[in-house]
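Trainee: Hi, I'm new to this one. Could you walk me through it?

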Amino acid sequence: MARQFTVNRVGLWLLVVLVLFYNGICINVSTRPEVVTVGVMFSFNSVIGKPSKIAVEAAVEDINSNPGILKGTKLNLEMKDTNYSEFLGIVEALKFMEKEMVAIIGPQSSVTAHLISHLANVLQLPLLSFSSTDPTLSPIEFPFFVRTAQNDLYQMAAIAELVDFYGWREVIAIYEDDDHGRYGIAALGDKLAEIRCKISYKAALSSDPTRDEITDLLVNIAMSSESRILVVHVPGSWGPIVFSVAQHFGMLSKGYVWIATNWLSTVLDTNSPLAQDAMDNIEGVLTLRMYTPESELKRKFISRWSNLTRRKVVDGRHIGLNAYALYAYDTVWLLARALDAFFEQGGNISFSNQSQASTLQQGGNDLKVFNGGKLLLRNILQVSMNGLTGQVRFTSDRNLIHPAFEVINVIGNGYRRIGYWSNHSGLSILPPETLWSKPPNRSSSNQKLHDAIWPGPTTEKPRGWTFLNSGRHLRIGVPNRVSYREFVSVHGQSVTGYCIDVFTTALNLLPYAVPYKLIAYGDGLTNPSGLELVRQITTGVFDAVVGDIAITTNRTRMADFTQPYIESGLVVVAPVREVDSSAWAFLRPFTGSMWAVTAICFLVAGTVIWILEHRLNDDFRGPPRRQVVTILWFSFSTWFFAHRENTVSTLGRLFLIIWLFVVLIINSSYTASLTSILTVQQLSSPIKGIETLQSSSDPIGYQQGSYARNYLINELSIHESRLIPFNSPEESAKALKDGPSKGGVVAMVDDRAYMELFLSTRCEFSIIGHEFTKRGWGFAFPKDSPLALDFSTAILKMSDDGDLQRIHDKWLSRQACSSQGAKTEVDRLPLRRFWGLFIICALACIIALFLHFLKMVRQFSNHYPEEHQYSSRSSPTARLRAFFSFFNEKEDDVRSRSRRRQIEGSSSRTDNGSTSNSNYDRGHTDTEISPNKTTGISSQV
């Protein structure tokens with residue numbers, strides 16, 4: 001039985017093993033293959049491909065010579081040259097897929113990557129590309145595509161920040177019309193839009209353009225585009241031809257800016273040194289290079305590079321090491337480490353037919369699905385290693401960590417690095433790895449680059465645009481004004497005035513010629529609306545607007561304005577009448593409350609001085625009547641600093657100094673205000689300012705076409721029915737004279753510039769109050785027009801040189817009427833303007849009285865001990881009476897009496913001591929006699 005049980009148990013175990021084996025289940029046992037084949041495909045003779053092929057071969061050699069990487073498995077690369085052909089790339093990729101390879105390194109072209117990534121998704125075959133940088137190759141659409149170099153999205157972000165750093169706003173994009181070029185430029189447009197910049201012109205070229213095609217495109221750019229910032233995003237195979245043609249047409253001269261993507265730095269690194277004419281064609285150009293931090297591993301590989309390329313000479317030059325070759329080397333190592341983790345996790349290299357793969361096989365291709373594709377892809381994305389390009393690790397969106405670029409400036413026979421760009425801190429002159437540990441700082445003050453040499457060559461930063469002298473004149477709209485023609489006056493084809501002179505003077509200061517034509521806007525019967533005039537820019541009717549155009553919030557949304565050339569703002573103008581000085585004019589400087597508080601303060605100050613001086617100073621003593629008169633006299637005589645009484649106490653002198661300072665301020669203010677009342681013509685008006693108009697219901701006038709109407713309605717909530725427009729100063733003057741009772745207006749509201757001209761010949765009106773808005777007049781241009789900035793610079797120069805003032809004096813200076821120097825009712829000095837002084841005086845009073853009271857209490861306690869002891873047993877009234885009696889005494893008398901009492905007290909104690917001694921002696925004598933008497937008596941007895 002035991003033997004039978006043993007046989008059955010062995011048979012059962014064999015059955016279980018067979019079942020597990022036939023169901024394909026393995027207990028964590030993985031057999032590593034002797035060889036793993038990986039496909040490699042790119043253009044071997046391209047600028048990217050020449051050094052990358054050498055780097056890939058070196059990586060395979062290093063991996064296979066290191067037994068600790070794949071642990072006995074050899075990595076075999078099957079390399080195919082796509083020879084610049086997208087079609088050939090697709091064919092080679094299909095051949096690789098038929099051969100059941102575990103991964104493909106490549107392709108080089110983003111076009112090819114888009115096509116074969118769909119197949120890779122079906123076959124679950126990882127594609128690792130170190131040169132397909134198209135940002136639209138997203139992991140969501142193409143999960144098996146792995147980009148092992150920097151995403152072009154970051155390169156375009158770096159270019160956008162360069163444009164913003166130098167203050168430019170528009171660029172021209174020259175690109176290859178394929179997926180890589182179109183999507184790259186689209187990304188650039190998005191990044192520029194984030195900083196309020198834009199691509200003004202997109203110039204596409206075919207994948208293999210002729211020199212004539214490039215010539216036609218550059219000529220079209222030079223003739224039709226104002227921007228001089230050109231971004232070139234083309235392949236390195238024919239990119240230098242673009243610069244050769246540009247040099248021929250003078251487009252690499254002063255004023256131009258050329259920014260090339262990293263294809264140019266790749267050409268410089270691979271084919272260096274270039275011929276002298278080729279270097280001349282790119283002098284002053286900015287380009288980017290993918291940044292790889294310095295490391296010992298990188299330095300060793302660079303020193304090894306000369307040995308790797310010793311026998312590989314192209315066109316008489318050794319192949320240089322570029323950034324793509326470094327990424328190619330790291331890509332092979334990345335895949336090797338992922339394969340090692342794949343095998344460690346029990347992965348097997350096996351393929352199977354699935355439904356989608358079977359569909360592909362119907363086309364004649366023997367394509368199978370890689371069963372371990374998902375596991376290998378997961379291991380690829382989880383690799384973290386240090387390579388030639390620095391730390392190799394993927395982020396959650398499957399981009400390499402720490403994207404960064406070097407900013408390269410081509411100079412003479414070489415180039416120099418003028419800074420770095422990183423996604424962490426933007427533009428910097430410090431290596432990005434020194435900033436990664438610090439918090440990101442993208443502030444404008446932290447963005448720095450070294451000085452660049454620009455095309456020309458010149459060190460002066462180009463303006464970035466030019467005005468095209470194509471024969472077309474700028475259409476400049478000017479208001480056809482009916483009133484105040486001193487600002488703009490239209491007479492047929494002739495336009496003159498203050499605003500026109502400012503415009504033409506500023507125009508002459510520009511460093512380029514601007515042909516223009518002034519076009520009148522308006523019917524000549526009413527003043528045109530400034531808002532509607534500016535709106536004509538947005539519709540394309542005018543290229544600019546010149547005139548008395550106030551800069552308001554609504555208008556800045558439609559156009560860009562220059563620096564204001566005249567300051568202005570809304571003011572209130574109303575009728576005024578002259579106020580004659582009355583017999584009581586001397587009371588007008590102060591308000592009633594100010595007079596009352598001042599009088600009280602004088603009385604309080606006199607009383608405080610009397611309290612502080614009463615016990616010390618004979619001038620402040622005497623009969624009650626005399627003391628009251630002294631207080632009143634001293635109080636008010638300090639107004640004129642005519643007090644005769646001297647102060648002897650310390651507290652009194654300190655308080656008097658403070659009080660005389662207060663009196664000095666009050667006296668000076670009164671004198672100044674009274675002088676103004678008596679010498680300056682005073683005008684009176686029932687209107688006190690814009691607040692009066694808001695609270696009333698009377699009609700208000702404004703100039704036809706002025707922005708004052710919208711401001712009064714929208715900002716001050718004044719009903720539209722109260723506003724009456726006028727077309728001429730004469731109409732405005734008549735309405736102001738008539739007033740609301742005769743169908744006129746209570747006041748006018750308009751720009752100060754107009755009203756000063758209006759008041760120069762109308763003395764019966766005046767500006768009431770102050771400007772309640774702060775505006776300025778400027779010239780309007782289309783949004784983002786560079787002319788606005790250049791005109792602003794010219795206007796500032798005119799202001800510095802005095803040209804603006806001279807033009808103002810020419811057109812707007814008028815002989816003012818006599819009332820222009822008058823004041824619209826004197827500003828009476830209110831109490832609130834002197835609160836600080838009165839608070840200081842009050843504090844001085846309180847402190848002085850408090851200290852004086854403490855001193856009196858101490859003296860009272862010291863000089864009247866008997867009274868104090870008595871008073872402590874008496875009623876509060878008696879104690880208070882004793883204290884007031886002490887206060888009324890002169891301090892010298894108190895001290896004399898105190899000394900006299902002390903002397904009397906000492907004499908009394910001396911007399912008491914003598915009397916006691918006499919009594920003692922007498923008693924002692926009696927004691928001595930008594931025994932004798934006793935003895936005598938006894939003897940007698």
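**A walk through the fold**

Mentor: Strand β27, residues 570–575, runs antiparallel to β33, and four bridges join the two. Keep in mind as we go that this is a predicted model.

Trainee: Which residue stands opposite Phe-765 of β33?
Mentor: That is Pro-575.

Trainee: What order do the strands of that open sheet come in?
Mentor: The order is β31-β30-β32-β27-β33, five strands with mixed pairing. β31 (723–726) and β33 (765–768) stand at the edges with a single partner strand each, so one side of each has no neighbour in the sheet. On average, neighbouring strands here are turned by 35 degrees against each other, ignoring direction.

Trainee: Which helix lies across β27, β30, β32 and β33?
Mentor: Helix α25, residues 752–759, does that. Its direction is at about 125 degrees to β32 (747–751).

Trainee: Switching topic: at what angle do α26 and α27 cross?
Mentor: Roughly 80 degrees, and the axes of α26 (residues 786–801) and α27 (residues 803–812) come within 5 Å. The two helices are therefore roughly perpendicular to each other.

Trainee: Which residues make that contact?
Mentor: From α26 there are Ile-795, Met-798, Ser-799 and Asp-801, and from α27 there are Asp-803, Leu-804, Arg-806 and Ile-807. Sorted by class, the contact of α26 with α27 has four nonpolar, one polar and three charged residues.

Trainee: What about Phe-503, is that buried or exposed?
Mentor: Phe-503 counts as buried because its relative accessibility is 1%, and buried means under 20%. This residue lies in helix α16, residues 498–508.

Trainee: And what does Phe-503 touch?
Mentor: Leaving out residues up to four places away in sequence, Phe-503 touches Ile-476, Tyr-516, Val-546, Phe-779 and Phe-791. There is also Ala-794, 291 residues apart from Phe-503 along the chain, with 9.6 Å between the C-alpha atoms of the pair.

Trainee: Now the cores. How many residues are in the largest nonpolar core?
Mentor: It has 108 residues, and those with the most contacts inside it are Val-38, Leu-75, Tyr-166 and Leu-339. Helix α13 (residues 323–344) gives the largest share of this core, 16 residues. A second, separate core has 74 residues, including Tyr-484, Tyr-711, Leu-723 and Ala-753.

Trainee: Back to Leu-339, what is it in contact with?
Mentor: Setting aside neighbours within four places in sequence, Leu-339 is in contact with Val-36, Leu-70, Leu-75, Val-102 and Leu-376.

Methods
Residues are numbered from 1 along each chain as its sequence is written. This is a predicted model: local features need pLDDT of at least 70, side-chain atom pairs count only at pLDDT 80 or more; totals for chains, interfaces and linings use all residues. Side-chain values use heavy atoms; hydrogens and water are left out. Two strands pair if DSSP finds at least two bridges between them. Axes are lines fitted to C-alpha atoms, for helices over the stretch in contact, and angles run from 0 to 180 degrees between N-to-C directions. Contact means heavy atoms within 4.5 Å. Angles under 35 degrees count as roughly parallel, over 145 as roughly antiparallel, 65 to 115 as roughly perpendicular and the rest as oblique. Ala, Val, Leu, Ile, Met, Phe, Trp, Tyr, Cys and Pro count as nonpolar, Asp, Glu, Lys and Arg as charged, and the others, Gly among them, as polar. A nonpolar core is a set of buried Ala, Val, Leu, Ile, Met, Phe, Trp, Tyr and Cys residues joined through side-chain atoms within 4.5 Å. Buried means under 20% relative accessible area, exposed over 50%, partly exposed in between (1.4 Å probe, protein chains only).
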